[in-house]
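Have a look at the model below. We'll go through a few backbone and packing details by question and answer.

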Amino acid sequence: MLLRSFPTPAEKHHHTSQLLVIQWPRLGPYHLARLKAAASRLQQEGIQLVALEIAGQDGIYKWDPLRNDPTYKRITLFPEAKYESLGWRHLWRKIGHCLDVLQPTAVAICGYANPAAQTLLAWCQLRARTAILMSESKEDDVSQRYFWKELPKKLLVSQYSAALCGGRPHRAYLEQLGMDRKQIFLGYDVVDNEYFRYGAEKIRLHPESARHFPGLDSAEPFFLASARFIRRKNLDNLLVAYHNYRQQVKPDRAWRLVILGDGPERSYLKQLIRRLNIPDPCLPGFRQIEELPAYYGLAGTFIHPALQEQWGLVVNEAMAAGLPVLVSNRCGCVPDLIDPGRTGLLFDPADTSELAQLMTRVSSDNFNRQAMGAAAQAHIGHWGPDRFAEGMLATVTYVQERAI
């Protein structure tokens, strides 16, 4: 039940300041375009936006420090701390004080199971404010769901007034957890399409400007992947599939393989490369966002082989850059982004033979990579920052219409 919410349209003229706080554990480059688009769109409706970042560091991403954007206010509660190191007491004290000062009308919260999300939700309940859920969880994120684990999630989700989620499988899972479809809006998982489109096109016109990047020093075509080096990203099976691909094509016709990223499996993957005797795979490590368009722009095809993936924003990036994409059928983005044979091709991530065959197919002269890349780019145009902004506005509008 909503104890306090956004004013109804009839009451708006009595309110001079509506404030929506949007929270993430840590802000990365792909959040910035969402926030800017949402701030501009919400401002048109008289709603101010504040971006709340819990910590300035985490144990996963090596992003460079982000510059502030004048479009919206940004607050970082623990600038020098790692997100994973924060306990309940620290979170409650800082979050409670911050929100008590801001006095937001509503808070859009990233997830529902982590300590920061539950602290924010508790504040909303205690202060009679509206809680909006941002979620990309889906039913098959784990091999089996147990009712005794799902019940607490249902209780948590029931405390949210509306939700902005990734796509159709994420909406379906929220419905399973008891949320009404009318409360759920799509558009959470987007990237700055224009940034990747423009950057890729620019580098294709001047490829020599990127030859100093690792893996781009050769004009030979290559497959590109980008992921954290952890088990569920399935990079070992990608390497096996690439090895099989090399057996199927003539040596002078074989594409190279470039895998961006880093993580705990790096040494294992390098050992696998040696064991399979794979020639010249390139592991350039983690690359900042400023360098990514060069890799997308010069790649021939993008591959995302994850065994389990809630969405897969790298697929958005590759499609925005106009690349044909080979995507694991386990990725959450598939139902909304991939029209098989038109905007991309799907494969079973456990079937290395299938992936090798697709690699052979797309790297052949008979495959129209340009047509698929163009279709992918056109389709992802409907999944950009404006979609996040409109989705967030839709959640706010829904809450307004139900206000009591």
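Q: Is Asn 234 buried or exposed?
A: First, a word on the model: it is predicted, so local features need pLDDT of at least 70 and side-chain atom pairs count only at pLDDT 80 or more, while totals for chains, interfaces and linings use all residues. Residues are numbered from 1 along each chain as its sequence is written, and side-chain values use heavy atoms, with hydrogens and water left out. Buried means under 20% relative accessible area, exposed over 50%, and partly exposed in between (1.4 Å probe, protein chains only). Asn 234 has a relative accessible area of 0%, so the call is buried.

Q: What is the phi of Asn 234, and where does this residue lie?
A: Most residues other than glycine have a negative phi. Asn 234 instead has a positive one, near 65°. Its place is the loop between strand 8 (222–226) and helix 7; helices (H or I, at least four residues) and strands (E, at least two) are DSSP runs, numbered from the N terminus.

Q: Which loop holds Ala 128?
A: Ala 128 isn't a glycine, yet its phi is positive, about 55°. With 19% relative accessibility, Ala 128 counts as buried. The loop is the one between helix 3 (115–126) and strand 5 (130–135).

Q: Which elements do the buried residues of helix 8 pack against?
A: In helix 8 (residues 266–276), the buried residues are Leu 269, Leu 272, Ile 273 and Leu 276. Seen down the helix axis, they fall within an arc of 105° (taken from the directions from the axis to the C-beta atoms), so they line one face. On the other side, Arg 274 and Arg 275 are exposed. Counting contact as heavy atoms within 4.5 Å, the partners are helix 7 (235–248) and strand 10 (282–285).
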